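Here are a few friendly notes to read alongside the structure.

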Amino acid sequence: MSQTLLFHISDIHFGLEDNRALDWLKDEIGAQRPDAIAITGDLTMRARHHEFDAACDWIRGLDVPVTVEIGNHD
């Protein structure tokens with residue numbers, strides 16, 4: 001039986017993001033190579049275009065399949 005490694009991330013809040021935490025997380029994703037990542041809620045702080053752009057750029061840089069469910073800040 002093969003196992004699937006899934007990462008779950010929530011409340012990134014681009015616009016008020018913690019870059020040290022995001023760098024650490026990106027390193028962990030690179031090291032552990034999950035099969036997919038689920039991001040549930042609050043990609044942004046105030047649903048501004050530049051916040052979504054920053055979130056999308058960061059997600060694209062992960063090089064792992066990602067699914068996103070928006071939150072109340074989005």
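1. Let's start with the core of this predicted model. The largest nonpolar core has 15 residues, and I9, I12, I29, I37, I39 and W58 touch the most other members. At least two residues of this core come from each of β1 (6-9), α1 (19-32), β2 (36-40) and α2 (49-60). In general, nonpolar side chains of soluble globular proteins tend to be buried together.

2. I39 deserves a click of its own. Leaving aside residues up to four places away in sequence, I39 touches I9, I12, I59, V66, T67, V68 and E69.

3. Next, the sheet. Its 3 strands are ordered β1-β2-β3, with parallel pairing, and the sheet is open. On average, neighbouring strands are turned by 15° against each other, direction ignored.

4. If you zoom in on β2 and β3, you will find 4 bridges joining these parallel strands. A38 has T67 in β3 as its bridge partner.

5. Now for a helix: α1 lies across β1 and β2, and runs at about 170° to β1.

6. Finally, the aromatic rings: how many aromatic pairs are there? The count is 1. The ring centres of F14 and W58 are 6.2 Å apart and the planes are at 50°, so this pair is tilted. F14 sits in the loop between β1 and α1, while W58 belongs to helix α2, so the pair ties together parts 44 residues apart in sequence. F14 and W58 are both buried.

How values were computed
Residues numbered from 1 in each chain as written. Predicted model: local features only at pLDDT ≥ 70, side-chain atom pairs only at ≥ 80, totals over all residues. Heavy atoms only, no water. Core = buried A, V, L, I, M, F, W, Y, C linked by side-chain atoms within 4.5 Å. Buried < 20%, exposed > 50% of the residue type's maximum accessible area, 1.4 Å probe, protein only. Contact = heavy atoms within 4.5 Å. Pairing = 2+ DSSP bridges. Axes fitted to C-alpha atoms, helices over the stretch in contact; angles between N-to-C directions. Phe/Tyr/Trp six-rings, centres within 6.5 Å; stacked < 30°, edge-to-face > 60°.
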